[in-house]
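Please consult the sequence and model shown here.

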Amino acid sequence: MNESTCIETQDLIEKRSAGALGRADQARLDAHIAECAECAADLDLVDRLAEEEVIPEPAELDLARMRNSVMREIRAPRHGEMFRWAAAAAIAVAVFGGGVFIGRQRVAPASTMGGDIKVKTAKQFVKAKTMGGEIQIDEVDGSVDATTMGGEIKANVVGTGAGHDVALRSMGGDITLTLPASFSGSFDVELTYTKNSSRNYTIKSDFPLSVKESPDWDYDKGSPRKVITGTGGSGANKVRISTINGNVVIRKK
Amino acid sequence: MDVRSDAELIDATLAGKSAAFDELMKRYERIVFKVAYSFCYLREDALDISQSAFLNAYRSLGSFRRDADFKTWVLRITYNEGIDFVRRRKKRAEETLDVETVHPAVDAAQERELMERDRTIRLQRGLEKMNTRHRTALVLRYLQGIPIAEIAGVMRCSEGMVKNILFRGVRTLRKAVTENP
């Protein structure tokens, strides 16, 4: 039996698997396998592959666990929300990419789908978000809420008293916050680093913080990771900082 | 209740409704798992590969071309994740100067006994010993019933090439099953 005939027969076996074998083709197939033990055995094997459970069905519980891990990555609120915007960024960056510069404003809301944001001075509040890029706030006498999907954040808060809450989040990059020496508030810092990173990230603060590091790698959120937290302080304002694979520096001025 | 199409779920996901992606995962998680399993033959590793594949799919969803089939696209990502997994495992095995073993060691006599006892096990072992490309093609085509045109999309090769891989794969597997391990 020559191989070209066998290859043609393979096409017939394919058609048969797809349920698309006509009578004439069935007759050709039957005739061939009656003569060719090789193709007859192939056909038998293909049938067995389809019928026997050679790859086990996954358990519902395992699948649910896997889905939950993915959804946790996607939905992770505040700390570690790396992927929810990633999809949007992938679409929009090319279209809207570019920087934003804001000069002197009473309030400064800014948003870009990819690019740097720079705020010179602002009062009352700054809210800035970029899907990837640096955020630099030279001076704000009020609250700050800044998020980047990847990039450095530098913010300088001036003024004291209530109304100076700070929330800085980067999904990858250093965060530097400068506060007045008399700043009063509670600090909640979270630095996550992944196993495949340089792993030498630190939280440095001129304000007293209790710094702790998780002892074990967390394997539930994609890349294995550890978390360093820094907490302390009390007062009218809240400072929340989170980053992944970046340093956190909090300075007194 | 109306069943939403893949395209509708993708739109909803991109609009920030992550629950829609959960629905997409539920739709394809079994086939993704089985393709992943064909690369590693370990449940935990297959789940890890599946998880990485879905996360990559989520991250890349914005670049997904709407004229393509989502299932083929996500299987292609799984296939690539599987290839990466095999490369990493091979590298680890080389680094530790260890011979790669997927299953706990079973002595030859035990294995022969197992082979004779259960032809399904024989088929499973035969599949495990095949090269990844042949095995994945066989799994996609004969275990999952994926059409050849779609497999060509997953493996990024021509339909003729898929047919050739299947032909060679069936012959190789049959030889592995019939000959002594």
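## Basis

This is a predicted model, in which local features need pLDDT of at least 70, side-chain atom pairs count only at pLDDT 80 or more, and totals for chains, interfaces and linings use all residues. Residues are numbered from 1 along each chain as its sequence is written, chains are lettered from A in the order in which they are written, and side-chain values use heavy atoms, without hydrogens and water.

## Chain B

Chain B contains 9 helices and 0 strands, helices being DSSP runs of H or I with at least four residues and strands runs of E with at least two, numbered from the N terminus. Of its 181 residues, 48% are buried (under 20% relative accessible area, with exposed over 50% and partly exposed in between; 1.4 Å probe, protein chains only).

## Salt bridges between chains

Over all chains, 29 salt bridges are found (a side-chain nitrogen of Lys or Arg within 4 Å of a carboxyl oxygen of Asp or Glu). B:Arg141 and A:Glu14 form one at 2.5 Å, N to O; the pair runs from helix α7 of chain B to helix α1 of chain A. B:Arg141 is buried at 5% relative accessibility, and A:Glu14 is buried at 8%.

A:Asp42 pairs with B:Arg174 at 2.6 Å between the closest N and O atoms. A:Asp42 is buried at 0% relative accessibility, and B:Arg174 is buried at 12%.
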